[in-house]
Protein chains: 2
Amino acid sequence: METKDYTQEIIDIIRSNTSPAVMSSRLEDYHANDLAEVLKKLTVQERCKLYRILDKDMLSDILEYTEADEAAEYLKEMEPRKAAAILSGMETDSLAEVLRMLDKGKKRLLIDLLDDDVRHDIEVIASFDEDEIGSRMTTNCIIIQKNVTVKEAMSSLIRQAAKNDNISTIFVVSSQQKFYGAIDLKDLIIARQDHPLEELVVTSYPYVYAEEEIDECIERLKDYSEDSVPVLDNDNRLLGVITSSSIIELVDDEMGEDYAKLAGLTAEEDLKEPLKESMKKRMPWLLILLALGMVVSSVVGVFETVVTQLPIIMCFQSLILDMAGNVGTQSLAVTIRVLMDESLTGKQKAELVFKEMRIGLCNGGLLGLMSFVLIGLYIFAIKGKTLAFSYAVSACIGVALLLAMLISSAVGTCIPLLFKKIKVDPAVASGPLITTINDLVAVVSYYGLSWLFLIELFHMAG
Amino acid sequence: METKDYTQEIIDIIRSNTSPAVMSSRLEDYHANDLAEVLKKLTVQERCKLYRILDKDMLSDILEYTEADEAAEYLKEMEPRKAAAILSGMETDSLAEVLRMLDKGKKRLLIDLLDDDVRHDIEVIASFDEDEIGSRMTTNCIIIQKNVTVKEAMSSLIRQAAKNDNISTIFVVSSQQKFYGAIDLKDLIIARQDHPLEELVVTSYPYVYAEEEIDECIERLKDYSEDSVPVLDNDNRLLGVITSSSIIELVDDEMGEDYAKLAGLTAEEDLKEPLKESMKKRMPWLLILLALGMVVSSVVGVFETVVTQLPIIMCFQSLILDMAGNVGTQSLAVTIRVLMDESLTGKQKAELVFKEMRIGLCNGGLLGLMSFVLIGLYIFAIKGKTLAFSYAVSACIGVALLLAMLISSAVGTCIPLLFKKIKVDPAVASGPLITTINDLVAVVSYYGLSWLFLIELFHMAG
C-alpha cells in the first residue's frame, strides 16, 4: 500500500553505463522532487555527470525541489555560466532564496551572468524585507493587457506559457501595468473567440500589497484559496504572484513558529542546527523564567511558617501548581488559535474570556471535589491522620484547586488578548509570564487558605 | 495600505432597490469569498432575495467559501430542488462536507435530488473514513485516455473544462481507468498539434492511495507541491484529486491538532463550541494529570522530614520544577516538529537525543551556576542566614537544576520517539506524562541532594 520510493531506481540508472541520451530520457520520467531527493545521496562525481546529462530546464526544476542551502552547494559544483542558466530557469522566489545562501562573491558573479529580465526580477524581490510578502513572490505569471480580444489573449498566453509556469490564472492589467483583474484560464479556454474579454475578467480578484507583513495577510491568502494571488506595489502595479505552494509553505512556517513559541523557543529549530544556535533560541525564556521563578520562591518563602507547622500541605503544592499550569496552557492555546483565525470584536473577546472562565470553574469544581474526596482518604489511610484533620486539609486543597483553575483560565485568556492589543505576538506571552502568574495565584490561594483555615481558625498542626 | 474590505459595499448593493439584472451583474464583480463573508451578516429575508437573484454557479461558488455548518444552514433556507442544483455545482469535497452537517432526513432528500454522477461521486467519497485521504478528494478533474492525439486531448479538455475547475493538470489513464501519468496543461497548450502526446506525459507524477491515512501522506503531498495530486483506489484506478487548497487546509488542521494536543487538549476547539464539548476535550488530560500528580505528591511526602528540618529548601521547589518542565516542553516541541517533517533513521534518533541532552547540559550548567551565585546571595542577604549555609543550600539548588534540566531534555526527546515507535501520536505524550516524569526527577534530585548533603553530611538545620 505504500507509495513506491523511487530513490534506489534512480540511483541505479545514474550508476549504470547507458548512453547519455538513453539515460536522460529515462530520468525524465521521474518527478523532479524524487530526483532532488536522490541528489544528496550521490557523490560529487556522480552529480557532475548528472549536470551534463540532464537538460537545463530539468535541472532548474530539480533545484526548485531542493532545500535552498543544498541547491547553493550544487551550484558551486557547476561552472558559473551553467549555474546562471539553471538559475534563470527557476521560479524567481526559489531563485532568490538560493542566492541568499551563497557567499557575496559567488552571488555577485552569478547575478551578473543572469538574463537581464531575471536579474531585474531578483532585484525587485530582494528589495523587500524577509517578513514582507513581496519577498516570497514569483514574477513567473501570465499578464495580458486589458483591451485585447479573446483570440489575442489566447495567443499571448501561448507565447508567455513557454517561459512561465503558473498559467491557471491570467492577470489583466490596464495602462501602466496597473492591476485590473484576473481571468480563470478555464473560462478563457471555453470562451468563443468573439466573446468580449471584459466579461471574463473578475475585477474583485483578491490581491496583496508587496509591503504587507506576511503574518498580516496569510489568513486572507488562505481564505481566498486561489492558485495564485497577485502582489501589487504601492501604485497598484502588478509585481508578481504568490503561488499556492508558497502559501502552503507560509502556513506551515507560520504555525511552526507559533508552535515553537508556545513551547518556549524563540524560533523554530531543526535537526542540523549547531549547538550554539539551539542554546541561543532556548536561553531567553529560561532566563526570564528563572528570574520570575525567584519571585515565586520569595512568595512561597512568606509561607515558611505555615509549612513548618503543617509540613503535609507542602506535599500537594506541585499538584496544584501543575494543574493550574496545564489549565492556563489550555486556555492559552485556544485563545492563540482563535486570534490566529479571526479578528475579534470587543464583545467576542469578552465572551471568550467568560467562556474560558466558565470551563475553568466547571472543570475546577469537578476536579476540586474529586481531590477533596480522594486526597482526604489518602491522608487518612496512608498518612494515618485523624479523619477531621485529613478532610480539613483536603478541603483546602479542593478549594485551592478550584480557585487556581478558575483564575488560570482567565489569565491564560486575558494575557494573549492583551499582548495582541499592544501588538506583541501572543504566542510569546505563553511560557514564562502565564506560568509565573499562575504559580503565584496557586501558591497564594493554597498556602493562604491553609494558613487562614487550618492554622488561624482551627489551630491545627501536623 | 490595507486591502479594501468589500463587505459593506456588497451589503449596500443587496439592500438597494436596483433591478435583479443590474444587481446580479454588480454582485458578480465580487469574489465569492467576499460574498460568502456577507451572507452571515444578512437577515434570512435578504439571503432569500439573494438566492433568487444570483445564478446557480455563483451560489455554488459562494457556498464553497462558506464554513460547512453555515452552508448547511443556508441550504435549509432554500427549496430542496434549488439546494440540490447548487450542491451539484460544488466541488465534491466541499459538497461531501456540507452534507455531513445536515440531519439524516434532509440529507437523504437532497442526495436523491442530485445529478446521478454527482450522487455517485459523493457515495465514493463518503465511503472513506474521515482520516483517510479519500474523504478529502474531489472528483472534479480532467481525465483523458492514453492513446489520443494532442488535438483530441485539447478538445477533450475544452469539453470537460465546462464542468471541472481544476484544469492545470490533466490526468492520463490507460484502459480500465488505471492511472498512467499526468500532463501539465502548459505543455499541452504550447505543444504542436502533431506532437506525440506520449512525450508530454510525466509518468512519475506523484499519487496517493485513497485508503492512506491523512497524516501518513500529508508530508508527501506538501513536498511534491503540485496543484493537484491524483487519488487511486487499490487497483490503481483514478478516483479523484487532492487540490492544493485542500492541502493547505490539511496542513493547517494537522498542525492545529498537534498544537492543541501539545497544550493538553484532546482536539481543536473553536469559539462557537458549547461548554460541555469544551469541558470534554480538556477533562481527560486534567484527570490523568491529577492522578499522576498524586504520585508526585506521595514522593514529595517521603521528604517531609527534610522539609521539617530545612523549611527554606521548600521555597525553591517550584523554581526547579518549572525549569525542568519548560526544558522538557522545549525538547518535546523540537522532537515533534522533527518527527512531523521527516522519518528518522535509528542513528539520527540517537543524534537527536544526544543533541538535546547536550543542550540541556549546557543550558543547565549556565543556569545552575547563575542560580548558585544569585540564590546564595539572596538567602544570605534577605533571609539573614550565614554565608556557608546560604551557599550550601544554593549549591544544592544549582546542582539539582543542572540534573533536572539534563534529564528533562532526555525525557522530552525519548518519550515522543518511543510513542512514535509504538504508533501513538507523539503530541499526546506531551502534557501529563512528561510533566510528571520531569516533576519526579526534579523532586527526587532536589530533595535527595538536600537530604544527602545538607542534612546527612553537614547536619544543617534552618
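Modeller: Happy to! Let's start with B:Asn326, which sits in helix 18 (residues 317–341) of chain B; helices (H or I, at least four residues) and strands (E, at least two) are DSSP runs, numbered from the N terminus. This is a predicted model, in which local features need pLDDT of at least 70 and side-chain atom pairs count only at pLDDT 80 or more, while totals for chains, interfaces and linings use all residues. Residues are numbered from 1 along each chain as its sequence is written, chains are lettered from A and ligands numbered from 1 in the order in which they are written, and side-chain values use heavy atoms, with hydrogens and water left out.

B:Asn326 counts as buried because its relative accessibility is 10%, buried being under 20% relative accessible area, exposed over 50% and partly exposed in between (1.4 Å probe, protein chains only). Apart from neighbours within four places in sequence, B:Asn326 is in contact (heavy atoms within 4.5 Å) with A:Ala263, A:Gly264, A:Trp285, A:Leu286 and A:Leu289.

Staying in chain B, strand 5 (residues 228–232) has five of its five residues buried, so it is largely enclosed by the rest of the structure. B:Ser228, B:Pro230 and B:Leu232 cover one side, and B:Val229 and B:Val231 the other. Strand 5 of chain B runs parallel to strand 4 (residues 208–209), joined to it by two bridges; two strands pair if DSSP finds at least two bridges between them. In that pairing, B:Val208 stands opposite B:Val231. With strand 6 (residues 238–243) of chain B, strand 5 pairs in the antiparallel sense over five bridges, and B:Pro230 faces B:Val241 there. Five residues separate strand 5 and strand 6 of chain B in a hairpin, and B:Asn236 in its turn has a positive phi of about 65 degrees.

Now over to chain A, where an open sheet of three strands has the order 1-2-3 with mixed pairing. Strand 1 (142–145) and strand 3 (179–184) of chain A are at the edges with a single partner strand each, so one side of each has no neighbour in the sheet. From one strand to the next the twist averages 30 degrees. Strand 2 (residues 169–173) and strand 3 of chain A run antiparallel and are joined by five bridges, with A:Ile170 opposite A:Ile183. Helix 11 (residues 150–161) of chain A lies across strand 1 and strand 2, at about 150 degrees to strand 1; axes are lines fitted to C-alpha atoms, for helices over the stretch in contact, and angles run from 0 to 180 degrees between N-to-C directions.

In helix 8 (residues 92–101) of chain A, seven of the ten residues are buried, so the helix is largely enclosed by the rest of the structure. Among the buried residues are A:Leu95, A:Val98 and A:Leu99, and the helices that the buried residues pack against include helix 5 (56–64) and helix 14 (244–262) of chain A. A:Ile10, in helix 1 (residues 7–15) of chain A, is buried because its relative accessible area is 0%. Beyond its neighbours within four places in sequence, A:Ile10 contacts A:Leu27, A:Tyr30, A:Asp34, A:Leu35 and A:Val38.
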